[in-house]
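This report is written for a reader who is new to the structure. Please look at the sequence and the model before reading on.

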Amino acid sequence: MKISWLDTVAGLAVVGTVVRAAFFTPLEAKQGAAQKIFYIHVPSAWVAFLAFGLVAVASAAFLWLRDPRLDRFAESSAEVGVIFTSVVLITGPLWAKPIWGAYWAWWDVRLVSTLFLWFIYVSYIVLRGAIDAPEMRARYSAVLGILGALLIPFIHLSVYLFATMHPMPIVGKPSAPSLPNEMLLTLFISLTSFTLLYFAFVRSRYRYAFERDAALANAAQHA
Amino acid sequence: MGKTLSAAWLIARKDLAIEFRTRSAFLSAVVFALLGLVVFYYAWDPTAVAVVDLAPGVLWIIFTFSGLLGLHRSFGVEATDHAIDGLLASPVSRHSIFLGKALANLAFVAAVQLITIPALVIFYNLPLGDVAAPLIVIALLAAIGLVAVGTLFSAMAVNTRLAELLLPMLALPFFVPIVIGATQATAKLLSGRPVAEAGAWLKLLLAFDIVFVAACTLAYPFTLEE
């Protein structure tokens with residue numbers, strides 16, 4: 001597997017972030033070491049939603065322009081996105097259990113929206129896997145990509161209404177702290193490095209998709 | 001606009017005529033819903049949870065799944081002998097085909113609701129009183145949303161390898177706002193709260209319907225070959 005300069009830079013950036021977060025960022029007063037998962041959780045969430053936003057944009061652009069490169073990009077962004085979404089959904093409950101006292105909260109808008117993002121990603125990938133014809137696969141995934149983007153605001157609204165009508169206390173939920181500069185810097189570094197990682201992954205995945213499509217076209221021609 | 005709607009109505013009548021001949025999908029959906037009511041009752045301890053608190057959730061979960069049974073059939077009938085090609089060759093717009101299918105599905109879901117809701121009231125001893133009318137409005141709004149999304153995904157799923165697995169997988173995440181809205185609104189009504197308190201949920205259902213009926217009608221032509 002060819003490792004490009006982007007892969008190296010992104011990899012180093014993420015390692016650097018983890019080192020900085022673990023050893024060179026102060027402990028948060030109330031949560032202690034558990035808070036440090038924040039520097040993985042938050043950037044993963046940012047990338048998860050960025051990836052899906054780009055899937056939706058690429059899907060709309062594909063239906064308009066019918067350029068297969070847009071479809072390949074959407075395919076790549078979706079597969080990378082589902083990984084980052086899974087990271088969010090794993091790190092979230094891991095952190096929440098000691099801090100909130102519960103693994104999950106159905107009245108938390110962001111948690112549930114992320115869960116539905118994951119559902120849509122997975123159904124997008126399964127849909128693609130169930131269609132062999134490239135043109136139909138591209139069209140159908142594009143439709144799902146756009147509709148999925150429309151769904152997320154409705155999930156957001158449903159959970160928000162549910163939460164306001166049934167207020168439920170979470171034991172020991174800390175209010176959003178204002179971060180001191182050192183933590184803010186670490187957060188900013190982590191956001192940047194995870195975004196670089198996203199682009200590195202998407203680029204590799206895109207290259208794989210390109211080579212796969214070229215090989216299939218070749219095989220079809222010589223068949 | 002008028003032409004689109006009258007063509008849609010024609011297509012809906014065709015689908016309903018086909019279904020009415022055998023009524024097999026309809027009867028399966030009704031039996032599924034009724035059995036669901038039975039099983040759900042025995043799944044809970046009636047002394048721990050009042051049945052009137054359970055009823056809204058039970059009703060809407062059942063409608064979601066029995067709706068999927070009918071939706072799958074919606075484009076399934078067109079797959080035999082490539083019947084869909086006949087529809088596509090006829091001088092009706094793609095949008096009318098979608099709306100016609102959706103209307104037929106709406107009639108199907110509404111018919112299942114017409115049987116299941118009274119069954120629920122009887123089996124669970126619900127105090128229906130004067131909430132019947134708002135309940136019908138909720139049921140209709142929710143059915144429209146279910147059918148809009150379900151018809152589109154049915155059109156897509158039927159062309160894939162895993163059609164029966166794919167339709168629920170695609171549609172269920174989209175059904176959730178409808179189920180949440182309908183359940184919460186129904187619960188408010190059944191516990192005797194004034195209709196205005198269910199207002200926010202009804203607005204959610206209405207907004208969902210408007211957005212997704214439009215989006216799915218516009219998306220449908222993209223699921224067809226050029």
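**Confidence**

This is a predicted model. For the complex, the predictor gives an ipTM of 0.89 and a pTM of 0.90. Chain B has a mean pLDDT of 89, and 100% of its residues reach 70 or more. Within chain B, confidence is lowest in helix 4 (residues 83–89), where the mean is 82, and highest in helix 8 (residues 199–219), at 94.

**The fold of chain B**

Chain B contains eight helices and zero strands. Read from the N terminus, its elements run α-α-α-α-α-α-α-α. The radius of gyration of chain B is 18 Å, close to the 17 Å that the globule rule gives for 226 residues, so chain B is as compact as a globular protein of that length. Its C-alpha trace spans about 60 × 35 × 30 Å along the principal axes.

Of the 226 residues in chain B, 46% are buried. When contacts in chain B between residues at least 6 apart in sequence are considered, 84% of them join residues at least 24 apart.

**The nonpolar core**

The largest nonpolar core has 120 residues, and the members that touch the most others are A:Ala51, B:Ala142, B:Val149 and B:Leu205. Helix 6 (residues 132–157) of chain B gives the most to this core, with 16 residues. What does B:Val149 contact once its neighbours within four places in sequence are left aside? Its partners are B:Ala171, B:Phe174, B:Phe212 and B:Cys216.

**The contact between chains A and B**

The contact takes 23 residues from chain A and 24 residues from chain B. On the side of chain A that touches chain B, helix 4 (109–129) and helix 5 (134–165) of chain A each supply at least two residues. Helix 5 of chain A gives the largest share of that side, 14 residues. By class, the side of chain A that touches chain B has 20 nonpolar, two polar and one charged residues.

**Single residues**

Most residues other than glycine have a negative phi.

| Residue | Phi | Place |

B:Asn125 is exposed, because its count of other C-beta atoms within 10 Å is 11 and a residue with 12 or fewer is classed as exposed.

B:Ala107 lies in helix 5 of chain B. This alanine, B:Ala107, has 20 other C-beta atoms within 10 Å, and 20 or more is the cut-off for a buried residue, so B:Ala107 is buried. How far apart in space are B:Ala107 and B:Phe123? They are 24 Å apart, C-alpha to C-alpha, and 16 residues apart in sequence.

Definitions and conventions. Residues numbered from 1 in each chain as written. Chains lettered and ligands numbered in written order. Predicted model: local features only at pLDDT ≥ 70, side-chain atom pairs only at ≥ 80, totals over all residues. Contact = placed C-beta atoms within 7 Å. Helix = DSSP H or I, 4+ residues; strand = E, 2+ residues; numbered from the N terminus. Nonpolar A, V, L, I, M, F, W, Y, C, P; charged D, E, K, R; others polar. pLDDT = per-residue confidence, 0-100. Rg over C-alpha atoms; globule rule 2.2 N^0.38 Å. Core = buried A, V, L, I, M, F, W, Y, C linked by C-beta atoms within 7 Å.
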